Amino acid sequence: MKSVRRYLPDGLLALALLAIGLLGTAPAGRNQGIPSISGWAYALVITAAVVLAARRLLPVTVLAITTVAVCLYLLGGNPFGPILLSLAIAMYSVAAHRPLRPAAIAAAGALALLLLSGLAGDGFTMEAVAPQVAWITGPLAIGVTVRVGREQVLQNRRDEARRQADAERLRVAQEVHDVVGHGLAAIMMQADIALHVLPKQPEQAEAALTAISRTSRESLDELRATLGAVRRGDDVDDRSPAPGLARLDALVDRTRAVGVPVAVELAGPLTALPAAVDLAAYRIVQESLTNVLRHAGTATASVSLALTSDGLKISVSDTGRGGPTQPAPHGHGLAGMKERVSALGGSLTAGPRPEGGFTVTANLPVRR
């Protein structure tokens, strides 16, 4: 059924050219001083038109048949008429559906036959040569242009699909980095605490191990929810809430559980944010607290989120080691935060505080 629909336009085109040829050949002959057209000439007109039904399936073969029909038609002293439209469309079809080199070879062969038929009938004159050249080179140029344009469109689509796939892979990698990075940083600190207190305070070691178990489970749940968003058609257990500021309390509690006091300050209605802003805000806070666990040592942290008329302002600060000369932490986390914010049209700054510690500040535009 698909093949029928695909070639149906070609069949209709062949019927249209057939009608034009049958109705227009005699008037063209009278205008050129040829009062009557023989039956075999009409048979050649019919042949040249009908074979165009296969112009996309067998373009070179169709061109060959059409060219022979036109040459025999002209050699018989018949007028220039609608049969040349069939030749032009056959030449266009070869140029539009075959590479340039085969199309040029086919065009050269067709032109050679036409020139021979023209010369045999009228001798070597510009009037005899020019029409044959025009009916071949014109459609050839148009067909090549159409084919090149079509190939460029397809290439652009492939490039865009590749860019989208790369962007999706980068997004998934970034999400996994944020989820796993924070969970592992918290687990590492809890494990260090357990090892430190195990010889003398086993009850505290047990609490640290319990925290490790809880953090691992929560991180796995969040990772499963994150990956579930990009797995299409699979049975994904996505019962965990999607990452967002609704999970901010759980994120802060995990950080506090490893001995880092975190103060939280919220201002404004943060429950109706756009999904992209909500996720970006959560990831910024998550990655910032991860950096506190990794780089700040003994520290306290503060998280501030405020929704204003200018958008959502996020600030995460710590009082960790280092001062004004403390370098920014390197790695994919800070770069990932900047990419998230830039994608939403916001801004992000990160650097040491004059009084010591580190601050990450982000501004995300929020459309009302």
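## Close-up views of a predicted model

View 1. The side chains of E160 and R163 meet in a salt bridge, at 2.8 Å from N to O. This is a predicted model. E160 and R163 are three residues apart in helix α6 (residues 126–197), so about one helical turn separates them. E160 is partly exposed, at 35% relative accessible area.

View 2. D253 pairs with R256 in a salt bridge, and their closest N and O atoms are 3.7 Å apart. Both residues belong to helix α8 (residues 248–257). They too are three residues apart, about one turn of the helix. D253 counts as partly exposed, at 43% relative accessibility. R256 is also partly exposed, at 40%.

**View 3. The salt-bridge network of D10, R55 and R56.** Salt bridges link D10, R55 and R56 in a network. Between D10 and R56, the closest N and O atoms are 2.9 Å apart. D10 lies in helix α1 (residues 2–31) and R56 in the loop between α2 and α3, so the pair ties together parts that are 46 residues apart in sequence. D10 is buried, with a relative accessible area of 1%. R56 counts as partly exposed, at 24% relative accessibility. The structure holds six salt bridges.

**View 4. Helix α2 and its buried side.** Helix α2 covers residues 39–50, twelve residues. At 1.5 Å a residue they should span 16 Å, and the end C-alpha atoms are 16 Å apart, which agrees. In α2, A41, L44, V45, A48 and A49 are buried. These residues cover an arc of only 130° around the axis, which puts them on the same side of α2.

**View 5. A nonpolar patch on the surface.** V68, L72, L75, L113 and L116 form the patch. Together they have about 450 Å² of accessible area. Helices α3 (59–75) and α5 (100–122) each supply at least two of the patch residues. α3 gives the most, with three residues. L72 has its place in helix α3. At 44% relative accessibility, L72 counts as partly exposed.

View 6. Strands β4 (residues 347–352) and β5 (residues 358–364) run antiparallel. Six bridges join them. P352 has F358 in β5 as its bridge partner. Five residues lie between the strands of the hairpin. G356 takes a positive phi there, near 110°. In a regular strand, side chains alternate between the two faces of the sheet.

Note on methods:
Residues numbered from 1 in each chain as written. Predicted model: local features only at pLDDT ≥ 70, side-chain atom pairs only at ≥ 80, totals over all residues. Heavy atoms only, no water. Helix = DSSP H or I, 4+ residues; strand = E, 2+ residues; numbered from the N terminus. Expected span 1.5 Å × (residues − 1). Buried < 20%, exposed > 50% of the residue type's maximum accessible area, 1.4 Å probe, protein only. Arc of directions from axis to C-beta. Patch = residues over 30% accessible without salt bridge, like charges linked within 9 Å, V, L, I, M, F, W, Y side chains within 5 Å. Areas by Shrake-Rupley, 256 points an atom, 1.4 Å probe, with all protein chains shown as cover. Salt bridge = Lys/Arg side-chain N within 4 Å of Asp/Glu carboxyl O. Pairing = 2+ DSSP bridges.
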